[in-house]
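This briefing is intended for a reader who wishes to relate the sequence to the fold. Please keep the structure in view while reading.

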Amino acid sequence: MQKKEQDLLQREQILDGNEGVEEDMMFDSVTDEVQPSLVVPSRSAVLQACTVTSCLIGALGVLIRQVSHVASREGWPVLDCSEDITFSFDSWHLGLIMGSVIVVSSCRFLLLKIWPDFAESSQAANQQVLTSLEPLDYLVVAFLPGISEELLFRGALLPLFGVNWMSIVAVAALFGMLHLGSGRKYSFAVWATFVGVVYGYAASLSSSIAVPMASHALNNLVGGVSWRCSSDSSEPDSIN
């Protein structure tokens, strides 16, 4: 009798353990389903949002430049944005553009390797914006924001407050804060602020808005294409 009672107790313990395992497996499957997935907009939605936003930002930059020009001519105590930062372009500006692209792209590559929070923010943002795009679309999402954002920040706001280091850093900080959201954390804002300082310095050194525009657009293109190539290479080969 004692032996039978021991066997029954052992069977009950085994059954209880199996039930616990089953409950854990059920809980894991439920939590996996509850975890939110990343929402990837359609190609048309991305291109439309990029075009509309870029046009609005660019129009605001043009408006500020024109208003400051008229106000300065009328004798108001306002700096003329169109005089300090022009659309002129010289041959030596090409070297400044390439230098800016190399600095920004190299720093981004390094930070992606050593700063996990920045890498996570960049990955989330790139997935949302770039996943649904065709190869030629990368030119659109690279050049439209690059041109319009530089027209506003380095072509209007920077000369409006004075082309000096204090204004360069202040406008860059505003530029960085506006890059929060869409999966991007404060680490990405810090990165965007640094990039804004580079573009601001390039604008002040060249007195031309064309230099930061070209640098910004090319850096966007390099970053987007690099992400796409790394994403494609990490995907497993499909079985035909």
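The points below cover the overall fold, the core, the surface, the annotated spans and the salt bridges.

The model is predicted: local features require pLDDT of at least 70, side-chain atom pairs count only at pLDDT 80 or more, and totals for chains, interfaces and linings use all residues. Residues are numbered from 1 along each chain as its sequence is written, and side-chain values use heavy atoms, with hydrogens and water left out. The protein contains nine helices and zero strands; these are DSSP runs numbered from the N terminus (helices H or I, at least four residues; strands E, at least two).

**Overall fold**
- Of the 240 residues in the protein, 35% are buried, where buried means under 20% relative accessible area, exposed over 50%, and partly exposed in between (1.4 Å probe, protein chains only).
- Among contacts with a separation of 6 or more, 78% join residues 24 or more positions apart; a contact means heavy atoms within 4.5 Å.
- The protein exposes about 14600 Å², of which carbon and sulfur atoms supply 65%; areas come from the Shrake-Rupley method with a 1.4 Å probe, and for residues only the protein chains shown count as cover.

**Nonpolar core**
- The largest nonpolar core comprises nine residues, namely Ile 64, Cys 81, Leu 152, Phe 153, Ala 156, Leu 157, Val 171, Phe 175 and Ala 192. Such a core is a set of buried Ala, Val, Leu, Ile, Met, Phe, Trp, Tyr and Cys residues joined through side-chain atoms within 4.5 Å.
- Helix H6 (137-161) and helix H7 (165-177) each supply at least two residues of this core, and H6 gives the most, with four.
- Not counting residues up to four places away in sequence, Val 171 touches Phe 153, Arg 154, Leu 157, Leu 158 and Phe 161.

**Surface and backbone**
- A nonpolar surface patch is formed by Trp 92, Trp 165, Val 169, Tyr 201 and Leu 205, with about 540 Å² of accessible area together. H7 and helix H8 (186-206) are the elements that give two or more residues to the patch.
- Patch members have over 30% relative accessible area and no salt bridge; like charges are joined within 9 Å, and nonpolar side chains (Val, Leu, Ile, Met, Phe, Trp, Tyr) within 5 Å.
- Ser 207, in the loop between H8 and helix H9 (210-234), has a positive phi near 55 degrees. Most residues other than glycine have a negative phi.

**Annotated spans**
- An unreviewed UniProt entry lists residues 156-176 and 188-211 as "transmembrane region"; such annotations may be inferred rather than shown by experiment.
- Residues 156-176 are 86% helix, with end C-alpha atoms 16 Å apart; residues 188-211 are 88% helix, with end C-alpha atoms 23 Å apart.

**Salt bridges**
- The whole structure holds four salt bridges, each a side-chain nitrogen of Lys or Arg within 4 Å of a carboxyl oxygen of Asp or Glu.
- Asp 137 and Arg 43 pair at 2.5 Å, N to O, linking H6 to helix H2 (residues 43-73) across 94 residues. Asp 137 is buried at 6% relative accessible area, whereas Arg 43 is partly exposed at 37%.
- Arg 154 and Glu 150 pair at 2.8 Å; both lie in helix H6, about one helical turn apart because they are separated by four residues. Arg 154 is buried at 1%, as is Glu 150 at 0%.
- Asp 117 and Lys 185 pair at 3.5 Å, N to O, and a network of salt bridges links Asp 117, Glu 120 and Lys 185.
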